[in-house]
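Open the model in your viewer and keep the selection panel at hand.

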Amino acid sequence: MNIWFLLLVALVHCGPEENEGVKYASKCEACKILATELEARLFETGRSHDVLELGYSVDDVKPKKRTEYRRSELRLLESLENVCDRILEYNIHKERQDSTRFAKGMSQTFQTLHGLVDKGVKVDLGIPFELWDKPSAEITQMKTQCETMVENFENIIEQWYFNKQNQIPLIKYLCENEVLKGKNSKCLYETFKNTKVDEDVQDYRGKNQEL
């Protein structure tokens, strides 16, 4: 038990990121998460069948413009609002080597460590226990990258939303064709199955093809 535990702690402290310093998200990884989360958010807001009435007239003679919420600019703005905050729900899964190291849920390593603590085993990682599950430097830095991308590529996102979302996934339109144009985009298509956000995105893309 003691040898196994030491090896487990070594995995946390002596992995490649510890040897090389903090490994921040690449532009590819950050855009991938942004596109995934925005499509997931659009899936959530797209369930509404509300109709918006836009404009006004003093004499009420001119009819107001009616727009479906799910096709409206308001829906896009509400979906973009705080979308990057969703990145704070992610964790680093150091047992994975590709871009899927960024994922929601607790990593296998920390699941095991929490299990040991629950059993009364004293685990010393050099940081207070209450900070174990706080967003890491990699996660908070990726949130900043996300916010910068939203600001810099807002027009591209709008073009996709109004004209292309039924034809091409955002991850290709925004990330592969714009943010990473001419650069390595391999990470965009690395997948880790059985995550709720992935299921929502696939449902969103499937429903869009039907519209």
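Start with helices α4 and α7, which are oblique to each other. This is a predicted model. Select residues 73-80 for α4 and residues 154-164 for α7. Their axes come within 11 Å and cross at roughly 135 degrees. The crossing of α4 and α7 is right-handed.

Now show the side chains at this contact. On α4, pick Glu73, Arg75, Leu76 and Leu80. On α7, pick Ile157, Glu158, Tyr161 and Phe162. Colour them by class: the contact of α4 with α7 has five nonpolar and three charged residues, and no polar ones.

Next, select arginine 86, in the loop between α4 and β3. Is arginine 86 buried or exposed? Its relative accessibility is 15%, so arginine 86 counts as buried; the cut-off is under 20%. Leaving aside residues up to four places away in sequence, arginine 86 touches Glu37, Ala40, Arg41, Glu44 and Lys104.

Last stop: arginine 101. Find it in the loop between β3 (90-92) and β4 (102-104). Arginine 101 has a relative accessible area of 2%, so it is buried. Which backbone oxygen does the side chain of arginine 101 reach? It is that of lysine 23, at 3.3 Å.

Note on methods
Residues numbered from 1 in each chain as written. Predicted model: local features only at pLDDT ≥ 70, side-chain atom pairs only at ≥ 80, totals over all residues. Heavy atoms only, no water. Helix = DSSP H or I, 4+ residues; strand = E, 2+ residues; numbered from the N terminus. Buried < 20%, exposed > 50% of the residue type's maximum accessible area, 1.4 Å probe, protein only. Polar contact = N/O pair within 3.5 Å; in protein donor to acceptor, adjacent residues only side chain to side chain. Axes fitted to C-alpha atoms, helices over the stretch in contact; angles between N-to-C directions. Parallel < 35°, antiparallel > 145°, perpendicular 65-115°, else oblique. Left-handed = near helix turned anticlockwise from the far one by under 90°. Contact = heavy atoms within 4.5 Å. Nonpolar A, V, L, I, M, F, W, Y, C, P; charged D, E, K, R; others polar.
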